[in-house]
Amino acid sequence: MSDTQSHYTSPTFAAAAPEKLPGRTFRDIPPVRWARENLFNTWYNTALTLVIAYFIARFAIGLISWGLVNAVWDVPGTDTRACREIVGIGACWALIGEKFRFIMFGTYPYEEHWRPTVVIFLFLALYGVSAMRRFWNRNLVWIWLAGLTVIGVLMWGGVLGLQFVEQERWGGLPITLILATFGIALAFPLSILLALGRRSDMPAVKVICVTYIELIRGVPLISLLFMASVMFPLFLPEGLTIDKLLRAQVAIILFAAAYLAEVIRGGLQAIPKGQYEAADSLGLSYWQKTGFIVLPQALRLVIPPLVNTFIGLFKDTSLVLIIGIFDLLNSAKTAVNEPAWRGFGLEAYIFVAVIYFVFCFAMSKYSQDLEAELSMHRNR
Amino acid sequence: MMSAEAAARVATGPIIEMRNVNKWYGDFHVLRDVNFTVAQKQKVVVCGPSGSGKSTMIRCINRLEEHQQGEIIVDGVELTNDLKNIEAIRREVGMVFQQFNLFPHLTVLENLTLAPIWVLKQPKKQAEETAMYYLERVQIPEQAHKYPGQLSGGQQQRVAIARSLCMKPKIMLFDEPTSALDPEMIKEVLDVMIELAREGMTMIVVTHEMGFARTVADTVVFMDRGEIVEAAPPHEFFANPRTDRAKLFLSQILGH
């Protein structure tokens, strides 16, 4: 596809466009005329346009007839015969309706589902507040602490008349949000320290940071998760156990920090030496210089790769399914394990993919806006 | 080597003393036995061909560069690896750079108040008042809330001077302050520096602006290949340079 596309764009835009249509896009001229000048201007462009249009149309028609026209939206109870009859022809969205709660909340007690629901909305509210620049002050820390306390109380319960729910029964979207949120929130400051340490003049600090970053970066996250879930408990004194989710969380934080540290180091390297010298000559201490001059500039430079890593981390939390934690993806996978629904994995995976996409796309969009906003004053 | 007047000031107590200062970048001997004294309120212009070590020398004074041999004493404090001493000296010594080095993510006012608030622990209001005072002095108070990127080079350099002055330094170092400026902006910066000199600031200025040296300097120091070759009052230095190297340099710089 990409190959065909490059064939299609190169003659039109690279060769013909500069002479015929200086800077004109379909925004400036009527679509029909745009199409004639760009898609049907030579015989091979016409041919390519038709071939590509054919494939696009076939794919779109297939998708619509599978996902909408022939889809089954509802079945009586777990009687999935209607779905089985149309396997490969239509989607069985009835699965989502039936398993919605399981996918979203895993094995959390059914009658307590309002609690993880509130938790999800609390997370969304916290993200929303944090995204607004006018809340970027000390109060944000308190807002988060309060929010996370409420989230903890809701998830665990055991106080205020809430039924206690042990961590093993948590599941679904709250798990994914917990892992991603704590992962980003704790890995980020750790990575800043690692990046600064890697550039430190103190040999011991530097060696420790380099070793850490290279070691952690050198192994797959899955192996870290295995170590956290299988090996780590062996080293603990008898009787002492640490929550499986917590162990996975720590593994994710340590892993993400190594990657983020290198991203941030890239930003640090881009800061001109003169900025350090100006800060030094004014008598600022190392931490003042770092906090007021270097990091604000460095971080803003690396917003794109930073968010790239955040998005990667958000999706990487799904790897915890390998050590049996019921995050969103694992819940979806488990939902179709039930005999009645076996074979409808595609629908379940599409559903969670949409959820992942919404979060990742929001992060991406927000970072673009933030970047634009922050770089405004740098231009004349 | 020094005028009687300058010598008299030295007698009142030097504020900067460099004794047998040596520095190497790897094998490159960048400062060779530099001996150099600056009295309070003295204005020194340092000139010399590029690569002669003039910038390195003044950057040793606030420890942006480390010297490897000899001693540098600033306002009675010797520069060693002791961070406390370094920070103390940096509070007393302001520096203006060729590339301005303003903080691009902060407004002009924030550039000026950051160090007074955090290093001198001044209340924000007081720091802002001081900042506005110096912005008036360099004649751009109306730019206080703009970002450095929105200012011209000359304006940026004046902000940089004001930023240093907000720390109430005893000594000001200027490292080729007009070299990165368009010709029409050089004067506005030099005017500010001349004004500052009139008020009795101790200044060491690395520059090729010989007109400025004539007007302001008590002493012109000529450096070549890491050495101080000559140090004399400007009228002596420009009229009768004693060494061939200085003659050559002057003929090159004044020739065009």
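What volume does the second largest pocket have?

Guide: In this predicted model, the second largest pocket has a volume of about 1,200 Å³. Its lining is made up of 32 residues, and the closest to its centre are Asp201(A), Tyr276(A), Asp280(A), Tyr286(A) and Lys289(A). Both chains take part in the lining, for at least two residues each are supplied by helix 8 (173-198), helix 9 (203-217), helix 12 and helix 13 (286-301) of chain A, and by helix 3 (83-92) of chain B. Helix 13 of chain A gives the largest share, which amounts to 5 residues.

Helix 12 of chain A, which spans residues 273-281, also holds Gln275(A), and this residue deserves a separate look. Gln275(A) counts as buried because its relative accessible area is 6%, below the 20% cut-off. The side chain of Gln275(A) reaches across to chain B, where the backbone oxygen of Leu102(B) lies at 2.8 Å. Beyond its neighbours within four places in sequence, Gln275(A) touches Ile293(A) and Gln297(A) in its own chain, and Asn101(B), Leu102(B), Phe103(B) and Pro104(B) in the other.

Staying with chain B, we come to a sheet. Here 4 strands form an open sheet in the order 2-1-4-5, with antiparallel pairing, and its edges are strand 2 (28-39) and strand 5 (77-78) of chain B, each of which pairs on one side only. Strand 1 (residues 14-25) of chain B is joined to strand 2 of chain B by 8 bridges; within this pairing, Ile16(B) stands opposite Val38(B), and Lys23(B) has Leu31(B) as its bridge partner. These two strands of chain B form a hairpin with 2 residues between them, and Gly26(B) in the turn has a positive phi of about 60 degrees. Strand 1 of chain B is also joined to strand 4 of chain B, by 5 bridges in an antiparallel arrangement, and there Glu17(B) is the bridge partner of Ile73(B). Across strand 1, strand 2 and strand 4 (69-74) of chain B lies helix 2 (residues 54-61) of chain B, which runs at about 125 degrees to strand 1.

Finally, two loops of chain B hold residues other than glycine with a positive phi. Lys121(B), in the loop between helix 4 (108-118) and helix 5 (124-137) of chain B, has a phi near 55 degrees, and Lys121(B) counts as exposed because its relative accessible area is 60%. Arg225(B), in the loop between strand 9 (219-224) and strand 10 (227-232) of chain B, has a phi near 45 degrees, and with 55% relative accessibility Arg225(B) is exposed.

Methods:
Residues numbered from 1 in each chain as written. Chains lettered and ligands numbered in written order. Predicted model: local features only at pLDDT ≥ 70, side-chain atom pairs only at ≥ 80, totals over all residues. Heavy atoms only, no water. Pairing = 2+ DSSP bridges. Contact = heavy atoms within 4.5 Å. Axes fitted to C-alpha atoms, helices over the stretch in contact; angles between N-to-C directions. Buried < 20%, exposed > 50% of the residue type's maximum accessible area, 1.4 Å probe, protein only. Polar contact = N/O pair within 3.5 Å; in protein donor to acceptor, adjacent residues only side chain to side chain. 1 Å grid on protein atoms, 1.4 Å probe; cavity = no way out; pocket = protein on both sides within 12 Å on 5 of 7 lines; lining within 4 Å. Points joined across faces, edges and corners; volume = space filled by probe spheres on them.
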